[in-house]
Amino acid sequence: MSRLSDERLKIADEVIGRFPRKKSALIPLLHLAQEQDGYVTQDAMVHIAEILDLAPAEVYGTASFYEMFKFHPIGKYCINICTNISCQLVGAWSLLHHAEERLGIKAGSTTGDGLFTIEDVECIAACTEAPAVQVNYRYRYRVTPESFDALIAELEDGKLTGEFPPHGTLATIRQETTEAWSNRGTLEQEQVDAR
Amino acid sequence: MSVPNGPRIITSRFDLADGHTYAGYVRTNGYQSLRKALGTMTPQQVHDEVKAAEIQGRGGAGFPAGVKWGFLAADVHPRYLVINGDESEPGTYKDRMLMELDPHQLIEGTLLACYALNAAQAFLYVRGEMAVAQERLAQALNEAYANNIVGKNICGSNFSVDITLTAGAGAYIVGEETALIESIEGERGMPRLKPPFFPAVKGLYMQPTIVNNVETLANLPYIIGKGGGDFKALGAPTSTGMRMFAVSGHVNKPGVFEVPNGVTTFRMLFEAPEYCGGVRNGGDVKAFIPGGASAMWFFPEHLDLALDKPTVDKAGSMLGSGAIIVMDQGTDMVAACWRIVRFFARESCGKCTPCREGTTWLERVLKRMLDGHGRPEDIDLLFEVSESISPGLAWPPRQTTICPLGPSAVSPIASAVRRFRHEFEHYIEHGRPIDGVESPFVVPTASHR
């Protein structure tokens, strides 16, 4: 349970500066919190509320709407298996069933060692590459039971840490604010807000 | 089978190893249209070219982008551009490719739109679940800022605009433009009532806002580079330009294809060797969805229709987001219908009662059929609940709700139950699919709730 680190606070400040209004940084800051702890802690939500001048309930109100934010620890690798129509048509349910058997858990739960969570998810925009799977929101295409087992073995052996950062880390490259930033939107919005 | 030909416009860099980098983009004539616009065209001239191109929005509704821009409240500043990269309509796969494989093209399109609209700032909203697209766009934006392509006094002109990259966090409804605006404002992604909240009048921060889809904007560098008339001539007069379609499901070679708009037919896409190469195992089409899970289904008698907006609209469905899903003769239509309805039930934001309650009921009724507990009155019940969400089960759907999500859940029911009623009756009577049809489930579905 932790507040945002100083390093992440700096990033948060930059993010806030790229919007004309502070609250717009709420979802990006929740992602920062999840990146830090693997899930969104209560302390982080209180901290974000302080940063954005919101009530903690407003932070939780927004956070709880969005599927990706987790409020309790989950696996290091969150494996999202798409079962939506294009994937269902080519064997997604068999794949999900196989994954459940292989890991000994049901969709929506986490293995005892804290390594894997499986989720039965909606369309992830890889329909022509069905059945599609994401590990921490990075893709594997046309997954078979065999290639699923190979993926699990490689993840267990720590061979794919470069390709799949731990759950919570989304993009490893961030937008930066430089001297070239014009700030036109914020300046124009401030003029209107001042009226 | 001969198919209409056309150049690859927006997918032209997909095969390059460095197509996503600034160097690769500039080497292949990238940012030339931006320089042309800033150096030789007024904002109105850029707007006029987009109008002349008659490009229909590629997000789903197909509204002409140039006309939409014209709705922007005059002389009210600041005004914003929002780029909808929240691609999540089941079957849709093209915006993610455009963001991952050619992010600078999207940035150039965004800048051209901002110039035409005199927008103060653009917000590029990428679906949360697309980590690589977010990385590629962040990298591309950092490169563009470093090269004076975005930000202060772009390319030495007096035009300044910023692009803010931001990501969602998992909610299909945020693809609806007013819900997307709510999400950028840090709120729960629930749609706003229109009127009064038409984005072009009262959008982001209650300022005039244009929301455009990724693929729509990706076409702008070509339109400004070659001219709107050139773009228009590539497709049919009623559906201009080239367009990306993703074909998934029971075809031999599922894929994403950029084809001449309005002239290519569904049969060509499914059967031609350069596209999908036929239905799997030499089989036949039983049904197909022409434009994403929200669309009414089509059947073999629709195969020779052109992928042309008015043609498909008139036939009672839509091209939507360019998501075509093919189902062969062995498909369990009850299971297919249930899966799409479950999607809408899960993704309902809960704001409007007919959608929140109705989609959940529909899902449960279909689920009990699949589980062998269907009741004789269930088919009537499906129609009754559907009527409360979308009276008349017509196309385009009538709404009792703020946005079209709820009525979209009715499309698979209106399509599948009307056409394959015997399959639903068989499930109710025998608790299993008809002969010759394979259930997609290996274990009782109850464990997969």
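This is a predicted model: local features need pLDDT of at least 70, side-chain atom pairs count only at pLDDT 80 or more; totals for chains, interfaces and linings use all residues.
**Entry 1: chain A as a whole**

I began with the inventory of chain A, where I found 8 helices and 4 strands. Reading from the N terminus, I noted the order of elements as α-α-α-α-β-α-α-β-β-β-α-α. I then looked up the extent of the C-alpha trace of chain A, which spans about 60 × 35 × 30 Å along its principal axes. Of the 195 residues in chain A, 44% are buried. For the contacts in chain A with a separation of 6 or more, I recorded that 64% are between residues 24 or more positions apart.

**Entry 2: helix H4 of chain A**

I next asked which residues of helix H4 (residues 56-63) of chain A are buried, and the list came out as Val59(A), Thr62(A) and Ala63(A). Because these residues cover an arc of only 100° around the axis, I placed them on the same side of H4(A). Looking for what this buried set packs against, I found helix H2 (26-37) and helix H3 (42-52) of chain A.

**Entry 3: where chain A touches chain B**

I turned to the contact between the chains, in which 56 residues of chain A meet 71 residues of chain B. On the side of chain A, the elements that give two or more residues are H2, H4, helix H5 (85-88), helix H6 (92-103) and helix H8 (184-194). By class, I noted 27 nonpolar, 17 polar and 12 charged residues on this side of chain A.

**Entry 4: H14 and H15 of chain B**

In chain B I looked at how helix H14 (residues 333-347) lies against H15(B), and I found that their axes come within 9 Å and cross at roughly 150°. The crossing of H14(B) past H15(B) is left-handed. The residues that H14(B) brings to this contact include Trp338(B), Val341(B) and Phe344(B), and those from H15(B) include Leu362(B), Leu366(B) and Met369(B). I recorded the make-up of the contact as 11 nonpolar, 2 polar and 3 charged residues.

**Entry 5: H15 and H17 of chain B**

I then followed helix H15 (residues 353-370) of chain B to helix H17 (residues 405-419) of chain B, where the axes are 9 Å apart and the packing angle is about 25°. With angles under 35 degrees counted as roughly parallel, I set down H15(B) as roughly parallel to H17(B). The crossing of H15(B) past H17(B) is left-handed. From H15(B) the contact takes Pro354(B), Cys355(B), Gly358(B), Thr359(B) and Leu362(B), which meet Leu405(B), Gly406(B), Ala409(B) and Ile413(B) of H17(B). I counted these by class as 6 nonpolar, 3 polar and no charged residues.

**Entry 6: Ala295(B)**

Last, I looked up Ala295(B), which lies in the loop between strand E7 (285-289) and helix H13 (309-314) of chain B. Setting aside neighbours within four places in sequence, I found Ala295(B) in contact with Ile289(B), Pro290(B), Ser317(B), Met318(B), Gly320(B) and Ser411(B). I also looked up Glu377(B), 82 residues from Ala295(B) along the chain, and found the two C-alpha atoms separated by 26 Å.

How values were computed:
Residues are numbered from 1 along each chain as its sequence is written. Chains are lettered from A and ligands numbered from 1 in the order in which they are written. Axes are lines fitted to C-alpha atoms, for helices over the stretch in contact, and angles run from 0 to 180 degrees between N-to-C directions. Angles under 35 degrees count as roughly parallel, over 145 as roughly antiparallel, 65 to 115 as roughly perpendicular and the rest as oblique. A crossing is left-handed if the near helix is turned anticlockwise from the far one by less than a right angle, and right-handed if clockwise. Two residues are in contact if their C-beta atoms, placed from the backbone, lie within 7 Å. Ala, Val, Leu, Ile, Met, Phe, Trp, Tyr, Cys and Pro count as nonpolar, Asp, Glu, Lys and Arg as charged, and the others, Gly among them, as polar. A residue is buried if 20 or more other C-beta atoms lie within 10 Å of its own, exposed if 12 or fewer, and partly exposed in between; C-beta atoms are placed from the backbone. The arc is that of the directions from the helix axis to the C-beta atoms.
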